[in-house]
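I opened the notebook to write down what I looked up today. The sequence and the structure come before the entries.

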There are 4 protein chains.
Amino acid sequence: MPVIAFIGLGQMGAPMASNLLKQGHQLKVFDVNPQAVEQLAKQGATASPTAAQAATDAEFVITMLPNGDLVRSVLFDENGVCEGLSREALVIDMSTIHPLQTDRLITDMKQRGFSMMDVPVGRTSDHAIAGTLLLLAGGTPEQVERARPVLMAMGNELVNAGGPGMGIRVKLINNYMSIALNALSAEAAVLCEALGLSFDVALKVMSGTPAGKGHFTTSWPNKVLKGDLSPAFMIDLAHKDLGIALDVANQLQVPMPLGAASREVYSQARAAGRGREDWTAILEQVRTSAGLARKI
Amino acid sequence: MPVIAFIGLGQMGAPMASNLLKQGHQLKVFDVNPQAVEQLAKQGATASPTAAQAATDAEFVITMLPNGDLVRSVLFDENGVCEGLSREALVIDMSTIHPLQTDRLITDMKQRGFSMMDVPVGRTSDHAIAGTLLLLAGGTPEQVERARPVLMAMGNELVNAGGPGMGIRVKLINNYMSIALNALSAEAAVLCEALGLSFDVALKVMSGTPAGKGHFTTSWPNKVLKGDLSPAFMIDLAHKDLGIALDVANQLQVPMPLGAASREVYSQARAAGRGREDWTAILEQVRTSAGLARKI
Amino acid sequence: MPVIAFIGLGQMGAPMASNLLKQGHQLKVFDVNPQAVEQLAKQGATASPTAAQAATDAEFVITMLPNGDLVRSVLFDENGVCEGLSREALVIDMSTIHPLQTDRLITDMKQRGFSMMDVPVGRTSDHAIAGTLLLLAGGTPEQVERARPVLMAMGNELVNAGGPGMGIRVKLINNYMSIALNALSAEAAVLCEALGLSFDVALKVMSGTPAGKGHFTTSWPNKVLKGDLSPAFMIDLAHKDLGIALDVANQLQVPMPLGAASREVYSQARAAGRGREDWTAILEQVRTSAGLARKI
Amino acid sequence: MPVIAFIGLGQMGAPMASNLLKQGHQLKVFDVNPQAVEQLAKQGATASPTAAQAATDAEFVITMLPNGDLVRSVLFDENGVCEGLSREALVIDMSTIHPLQTDRLITDMKQRGFSMMDVPVGRTSDHAIAGTLLLLAGGTPEQVERARPVLMAMGNELVNAGGPGMGIRVKLINNYMSIALNALSAEAAVLCEALGLSFDVALKVMSGTPAGKGHFTTSWPNKVLKGDLSPAFMIDLAHKDLGIALDVANQLQVPMPLGAASREVYSQARAAGRGREDWTAILEQVRTSAGLARKI
């Protein structure tokens with residue numbers, strides 16, 4: 001079993017480290033919080049006084065820290081990982097940090113001759129404890145294969161995200177979508193309540209439409225994603241219906257900032273001449289706004 | 001078979017009327033467009049020169065019109081439905097209009113001694129042709145049962161929305177959610193593209209999380225919907241992650257107006273003291289913003 | 001002195017009618033509220049039982065009503081103005097209504113052979129009492145000159161807005177700008193407070209910059225308005241500074257939805273290749289978003 | 001004349017340094033760009049190979065750098081200012097950076113026994129050349145007075161912002177307000193164009209109202225700023241007028257994201273029970289959203 005250095009024993013890191021121990025890995029741990037270190041030491045880990053010493057002789061170094069500045073610091077500062085790290089070791093950053101910072105870290109490590117990959121995790125601290133995290137692996141195919149046995153001690157599903165920096169990217173996209181969607185869902189639910197409509201009825205209806213199932217696998221695949229913008233439901237009509245919803249909401253004093261923002265996106269699509277295209281053409285509209293070459 | 005008056009033979013109305021004919025109903029039709037009327041007459045419908053004459057002797061009057069002002073006009077203006085309508089008939093408005101306008105129409109009809117219900121439809125014009133529309137029935141239990149056989153000639157699924165005006169309400173909520181979600185989904189997909197991440201990978205990950213499955217049946221039922229706001233994922237962290245996503249998007253010049261609006265909602269939740277609550281507490285936050293009594 | 005019919009004796013209309021009486025005009029008044037009518041009758045006006053009778057023999061008919069539907073109704077419904085109106089009279093709508101509705105009203109009146117203009121007012125009910133309203137006159141040059149003496153009994157400044165429907169348009173633009181600016185100003189002031197900065201200091205600084213003086217007469221005239229987009233202050237830098245402000249605001253839990261929305265507009269300008277243009281190029285960016293032909 | 005170290009000779013820094021030289025100051029300069037250094041050396045400045053050497057023997061050290069990370073680096077890194085700085089010297093950061101970063105820099109310098117203040121500048125590079133910058137001085141009264149003669153060589157107006165970190169704060173507020181206002185102004189101007197209204201007419205009207213003059217010195221002082229929320233113009237009416245403007249804009253396909261966001265703020269104010277308060281109560285509404293104790 002390889003020696004693993006584990007740095008960052010917080011709410012997620014501690015149970016992840018525990019699971020590595022349980023699988024029989026030799027663990028050297030470091031954290032600024034001595035109690036967290038002691039806890040792991042009781043379970044059989046070796047306490048290291050510095051990140052550099054934890055990294056010494058380790059085949060894998062795992063970092064699980066609150067932000068990218070801390071990851072940078074723990075790698076490159078005095079007594080940091082790089083001071084003890086072997087050129088043969090693999091550093092696995094499992095923190096959720098800024099993707100462009102991940103890119104710089106990987107580049108900077110490479111320049112020093114070190115190998116690093118990003119494997120942020122999905123799901124919750126309960127899953128960390130159960131060893132059933134979702135592992136979003138960014139790295140070269142070799143890195144992913146090499147890390148897989150270690151990673152699978154902490155999770156039960158590994159997605160190869162397609163290359164270095166791609167693990168943290170897919171984490172970001174997933175979080176963006178789910179966090180913003182949460183706020184949008186709240187607007188719909190509160191409008192429902194203000195209208196005196198049963199949420200169960202709304203849920204029943206939405207569970208059979210893109211409102212509940214999302215667009216990625218329903219309205220998009222046969223339309224915008226294959227370049228067909230002939231209207232199943234026109235942008236103009238979608239814009240009109242949004243206008244009705246916002247008008248109702250404003251009469252009922254339900255603030256809907258996301259809905260309001262989205263109507264202006266549809267308005268822009270109409271101004272761009274897309275009024276009679278399918279509503280999934282909004283994807284092309286947003287691409288154009290972002291300066292990406294127009295596909296359709 | 002009862003006599004049915006059908007008013008409004010557009011892209012949706014025409015095939016719906018056809019399906020009623022095919023089921024053996026006697027149909028009297030009216031539209032401002034003579035060609036649309038002629039088309040149905042060829043299929044066996046009786047052309048009526050006015051809405052009033054169409055309504056005369058009809059047991060059911062169905063309206064399928066572009067907006068609420070037209071519905072009002074077709075009911076109450078000179079030569080309108082009310083001039084020919086029997087007190088025993090049932091008017092079924094299947095148009096998608098403003099719900100508060102629906103309420104007024106039902107009230108105004110009632111004052112004149114007439115019975116009216118709202119049954120807007122879901123799905124597309126293809127489903128109208130196939131007779132497989134989703135029927136969102138607003139009305140008293142008696143109205144819904146009375147209308148059911150007629151409605152089922154046009155659709156294959158009927159949802160009893162819970163009372164007069166509730167059909168149009170659930171239509172509105174469903175449309176709001178799906179139309180705004182379409183714009184949000186586009187932001188996520190475009191950010192994905194700008195990050196150089198495979199959309200297939202993103203889709204694979206999102207299909208297992210609220211990002212792809214929605215919140216209504218995943219994160220909400222065991223938390224905010226049953227009054228538990230202990231954090232599985234804290235508002236503070238969701239706010240932080242949204243900030244990272246927006247920062248990345250702004251560096252990559254991907255405008256994300258819905259994402260930007262949603263961050264300010266989370267910011268407001270934090271200002272309201274909800275930072276350490278579960279992210280599903282956003283529902284309570286939006287309720288509070290709308291002036292609804294705080295539940296949790 | 002001409003006979004004037006005055007319809008709509010609310011918070012604004014009543015003092016406006018009073019001022020017409022004081023200037024010696026003969027006034028026939030109508031309102032649905034009998035007390036409002038009685039009040040004016042005491043001052044010397046003739047109470048009319050219907051709008052039609054008020055309009056009979058009047059040289060001018062002034063309407064001052066809460067919304068456009070009421071204006072339409074008072075003109076065209078049974079016992080409405082048109083039933084009594086002379087082809088030589090001039091109808092002056094002073095209400096604040098939807099401009100596109102104003103256009104339709106003027107057109108519909110013209111089709112019936114009647115002359116109508118729009119003269120909404122600026123300032124407050126105090127100014128209505130003092131007879132110092134701002135008069136925003138939309139009409140042909142002849143209409144404006146004909147109405148001027150009557151109007152100047154109610155206000156002390158008349159702006160010829162440039163043609164029929166232009167009075168209500170300039171009212172709308174002015175209201176839009178001032179109402180939205182109010183919300184934006186609140187965001188700045190609250191961020192100021194959250195930062196522990198004296199508002200007086202902020203005010204002192206802003207009073208010398210576009211922040212306090214607006215852009216129309218400061219940054220725009222010598223740049224975007226004359227087609228010069230060479231940067232005095234680059235879009236890229238403005239975007240960066242907005243990002244800092246939003247980051248600070250989000251750290252301090254000050255929700256700034258307008259600021260957040262504006263950053264995405266700058267982001268879109270950058271995506272459109274305007275990053276190194278002057279910040280006043282935002283005008284061109286918004287024009288492009290609205291589908292207006294690109295000027296610069 | 002005191003010795004001054006000047007670090008950061010970019011578009012703003014170079015002319016500012018020149019003006020110090022012209023006023024007879026002894027200047028030691030440092031920049032990573034050797035050409036920028038050479039340029040100043042030709043004008044009589046002493047070129048320093050490091051920031052540390054520039055700081056040695058200097059009574060004032062001025063930094064004018066693109067962002068806060070660079071300021072931190074130039075102060076604390078190897079060969080940085082702190083290595084040469086005297087405990088009697090005063091460091092003046094004139095960069096535009098993140099205010100909370102300014103706070104940390106001042107604190108960190110203080111812990112090392114050094115004195116630092118923030119004096120970002122207003123106006124443009126033309127003013128930097130002319131020596132007519134606006135100086136926004138954050139510092140203790142002693143710091144401000146000590147720095148004044150040096151600062152006045154670069155600008156012609158000094159605002160004492162009220163304490164350490166307040167210079168950068170007032171800069172941030174001013175920039176926020178002017179940059180976001182620029183986008184809002186563009187929305188109004190484009191709606192004006194889409195409505196076919198002369199911009200000159202709109203400008204004439206707005207120049208006499210808060211739309212053109214701002215709210216800080218017009219609508220606010222006698223209302224919300226002195227605790228009077230009795231309505232001169234009600235929130236409910238402002239909300240209604242915004243709704244009309246947005247409806248017109250959406251019909252004309254003019255996207256107005258800031259306007260849309262602002263309507264939701266007014267909607268929230270109404271939901272909070274403020275509908276019949278003066279429109280300036282929006283300030284209190286935004287304060288409440290930010291979790292600040294309700295004043296009124």
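**Entry 1: the model**
I noted before anything else that this is a predicted model.

**Entry 2: strand β1 of chain A**
I looked up strand β1 of chain A, which covers residues 3-7. How many of the residues of β1(A) are buried? I found that 5 of the 5 are buried, so the strand is largely enclosed by the rest of the structure. I then took the two faces in turn. On one side I listed Val3(A), Ala5(A) and Ile7(A), and on the other Ile4(A) and Phe6(A).

**Entry 3: the neighbours of β1(A)**
Which strands pair with β1(A)? I found strand β2 of chain A, residues 26-30, which pairs with β1(A) in the parallel sense over 5 bridges. Within this pairing, Phe30(A) in β2(A) stands opposite Ile7(A). I also found strand β4 of chain A, residues 60-63, which runs parallel to β1(A) and is joined to it by 4 bridges. There, Val61(A) in β4(A) is the bridge partner of Ala5(A). Next I followed the chain from β1(A) to β2(A). With helix α1 of chain A, residues 13-22, the two strands make a right-handed β-α-β unit.

**Entry 4: an annotated stretch of chain A**
I checked the record for chain A. In an unreviewed entry, UniProt lists residues 165-284 of chain A as "domain: 3-hydroxyisobutyrate dehydrogenase-like NAD-binding". I looked up the make-up of residues 165-284 of chain A and found 63% helix and 0% strand. The end C-alpha atoms of this stretch are 26 Å apart.

**Entry 5: Gln101(C)**
I turned to chain C and picked Gln101(C), which lies in helix α6, residues 99-111. Is Gln101(C) buried or exposed? Its relative accessibility is 13%, and buried means under 20%, so Gln101(C) counts as buried. Leaving out residues up to four places away in sequence, I found that Gln101(C) touches Gly68(C) and Asp69(C).

**Entry 6: chains B and C**
I looked up how chain B is laid on chain C. A turn of 180° with a shift of 0.0 Å along the axis does this, with an RMSD of 0.0 Å. The two copies are thus related as by a two-fold rotation axis. The same surface serves both copies, as 100% of the contact residues of chain B recur in chain C. Which residue of chain B comes closest to the rotation axis? I found Ala260(B), with its C-alpha at 2.8 Å.

Conventions
Residues are numbered from 1 along each chain as its sequence is written. Chains are lettered from A and ligands numbered from 1 in the order in which they are written. This is a predicted model: local features need pLDDT of at least 70, side-chain atom pairs count only at pLDDT 80 or more; totals for chains, interfaces and linings use all residues. Side-chain values use heavy atoms; hydrogens and water are left out. Buried means under 20% relative accessible area, exposed over 50%, partly exposed in between (1.4 Å probe, protein chains only). Contact means heavy atoms within 4.5 Å. Copies are superposed by least squares on the C-alpha atoms of residues with pLDDT of at least 70 in both. Two strands pair if DSSP finds at least two bridges between them. A crossover is right-handed if, with the strands pointing away from the viewer, the path from the first strand over the helix to the second runs clockwise. UniProt positions are given in the numbering used here, feature names are shortened, and annotations may be inferred rather than shown by experiment.
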